[in-house]
Amino acid sequence: MTDLFYAYHNVIDLCLLNSMLAFGCFILLGVNLFSLATGGLMAIGAYLSIWLTMQQGWSFAPALTAALVAASLAAFGLGSLVLRLRGDYFTMATLAFTEVVRIIALNWDSVTGGALGVFGIPQLTETWQLAGLLALVIYLIWAVRHSAVGERMRAIAADELAVSTAGHDVARFKLALFTASGAIAGLGGGLAAHLNMFIAPGDFGFLRSVDTVIAPVLGGVWNLAGPVIGASVLVVLPEALRFSAQMREILIGVTMLAVVLFLPAGLVGLPKLSRRRAAS
Amino acid sequence: MLVQQLVNGVSLGAIYAVFAIGFTLVFGVMNVLNLSQGAVFMWGAYVGLEVVRTLALPLPLAILAAATAAGLLGVLSEVLVFRPLQRRGAHRWMGMVGGLALARILIGLAQEIFGTQVVRYPDNALAGAALELLGARLQLLQIVAIGAALLMVIALAALLRYTNVGRAIRTVAFSENVARLVGVPVDRIRLMTFFVSGALAGGAGVLWSLLFQSVSPFMGDGILLKGLTVLILGGLGNIVGALVGGVLLGLVEVASVVVVGSGYRDAVGFGIVLLILLTRPTGLFATRETTRA
């Protein structure tokens with residue numbers, strides 16, 4: 001019974017954490033930025049926060065705050081350099097960033113434990129903290145979307161050139177969003193590190209970045225429920241398919257492909273679609 | 001010693017180049033990044049392995065079979081993912097996610113069929129053979145890899161330059177609308193392009209697994225990242241750029257093992273990517289036409 005509870009517990013924690021991380025990509029997808037920087041920014045937050053709690057004796061909250069600030073600063077720096085690149089070039093630059101950070105983590109043995117990773121991280125992350133912080137992130141994004149800023153976000157998504165012609169500074173706006181997404185990634189990194197008790201550089205590479213950005217696409221890019229649904233599906237589906245690692249990969253791939261092909265609005269578009277079917 | 005390192009670098013780079021040329025060809029013609037290319041590469045390696053091991057056919061035939069099978073997978077990615085998305089006018093990143101989804105399916109299938117353990121090509125005359133050149137011991141395999149890569153590049157160049165299909169491919173690359181106006185069967189040409197691109201990936205897969213003596217379902221992720229690196233080095237859609245960029249990356253990696261140690265080898269490649277994107281986003285060999293970034 002307790003085993004069952006713990007298994008269940010982990011799944012919920014992971015759903016909450018990955019949903020929060022997915023929102024970091026969600027706000028960028030909202031202005032047509034496909035970023036793979038999540039892994040690198042998370043790594044910065046994760047390694048800084050465990051260094052602070054384990055080596056410097058900081059308590060959890062200030063360490064998390066430091067992780068958030070550091071990753072925001074990194075995102076600000078990276079963003080001011082790479083945001084002027086368009087489309088695939090931007091994606092590639094963010095990927096290069098993630099990989100460089102991962103490789104540095106792999107080699108900086110004294111801080112990161114190298115390829116073996118860091119063991120025995122105090123498990124400070126609690127489910128209620130994850131839930132609370134996720135709620136806070138959702139509230140903030142909701143509030144922004146319902147303000148003049150949100151209006152501009154949608155305008156940029158629709159026609160960037162028109163918005164900049166109208167005299168708005170699109171570049172600065174995107175930089176602000178990228179910095180915010182860095183804050184989410186840094187916070188998520190700190191939380192993730194203190195959730196698993198173990199981290200290794202491999203946790204923050206290409207695959208992590210891809211999984212994070214896929215979650216909102218899967219759930220729905222235009223709906224606040226999208227990232228939560230997408231991230232939860234990506235956590236729960238593998239758990240449900242524990243019996244076969246191969247079938248797991250195949251079924252996740254098929255689900256992703258089906259959504260991309262048939263549900264442009266993501267899984268949140270599913271009920272609407274079936275209602276329309278039923279009506280016609 | 002220097003000659004040996006040089007050959008190490010060039011043989012590695014030649015494989016990068018073959019893979020990246022397939023990658024960049026699809027980008028140049030269709031303006032999409034096919035992120036399933038790494039999985040296609042892996043499938044090529046397995047098909048080649050099965051042909052050598054089960055059917056006991058000679059290596060050139062294995063490469064041919066692998067290239068054909070991988071080419072068909074390339075066609076599959078167009079039919080299954082990229083064509084429907086293009087028809088719908090979907091976002092660019094939908095194509096990327098679709099490619100990643102297809103890659104996941106292909107990797108899962110490979111695990112199901114071939115198992116997850118690392119396997120290798122059976123020993124053959126090539127594996128142990130070495131020759132002396134200017135005081136360096138060179139593996140015959142490396143020379144074969146360079147030769148095969150060169151052959152594939154020349155075949156592609158000839159195809160693009162002298163055949164009708166090649167001319168049509170270049171027309172579609174220039175502009176799909178123009179191609180339609182002059183009567184090029186655009187859909188079929190796109191399929192051909194995906195076939196050629198997949199075939200190059202498959203061929204590269206066999207060469208890679210011969211050279212490094214390992215085949216596994218997860219071998220595609222690494223090469224995908226290398227391919228993206230070469231793509232940026234040479235400029236997206238630039239075939240000559242991919243060729244030079246591939247060899248350059250191979251040489252840089254071999255040199256960086258000597259200079260900064262093997263741990264940072266991959267970081268050097270990505271560091272260069274960041275640097276190039278910030279200073280010359282259209283690649284090292286940009287022509288005046290490639291001003292997409």
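Predicted model: local features only at pLDDT ≥ 70, side-chain atom pairs only at ≥ 80, totals over all residues.

Me: How many of the residues of chain A count as buried?

Reply: Of its 280 residues, 49% do. The test is 20 or more other C-beta atoms within 10 Å of a residue's own. On the contact side, take the pairs in chain A with a separation of 6 or more: 78% of those contacts are between residues 24 or more positions apart.

Me: Why are H6(B) and H7(B) called roughly perpendicular?

Reply: Two packed helices are described by the angle between their axes and the distance between the axes. Here the axes of H6 (residues 140-162) and H7 (residues 164-174) of chain B cross at roughly 80° and come within 5 Å. Angles of 65 to 115 degrees count as roughly perpendicular, and H6(B) and H7(B) therefore get that label.

Me: Which residues make that contact?

Reply: H6(B) brings Leu159(B), Leu160(B), Arg161(B) and Tyr162(B), while H7(B) brings Val165(B), Gly166(B), Ile169(B) and Arg170(B). By class that's 5 nonpolar, 1 polar and 2 charged; Gly counts as polar in this scheme.

Me: How do you know which residues chain A turns toward chain B, and what are they by class?

Reply: The contact test is C-beta atoms within 7 Å, and it puts 34 residues of chain A in contact with 37 of chain B. Helices H3 (60-82), H4 (87-107), H10 (206-219) and H12 (245-262) of chain A each give two or more residues to that side. H4(A) gives the most, with 14 residues.

Me: Which residues touch the most other members of the largest nonpolar core?

Reply: Among its 192 residues, those are Ile15(B), Ala17(B), Val18(B), Phe19(B), Ile21(B) and Trp43(B). Helix H1 (residues 2-30) of chain B supplies the largest share of this core, 17 residues. Leaving out residues up to four places away in sequence, Ala17(B) touches Ala149(B), Val153(B), Ala242(B), Leu243(B), Gly246(B) and Val247(B).

Technical notes. Residues numbered from 1 in each chain as written. Chains lettered and ligands numbered in written order. Core = buried A, V, L, I, M, F, W, Y, C linked by C-beta atoms within 7 Å. Buried ≥ 20, exposed ≤ 12 C-beta atoms within 10 Å, placed from the backbone. Helix = DSSP H or I, 4+ residues; strand = E, 2+ residues; numbered from the N terminus. Contact = placed C-beta atoms within 7 Å. Axes fitted to C-alpha atoms, helices over the stretch in contact; angles between N-to-C directions. Parallel < 35°, antiparallel > 145°, perpendicular 65-115°, else oblique.
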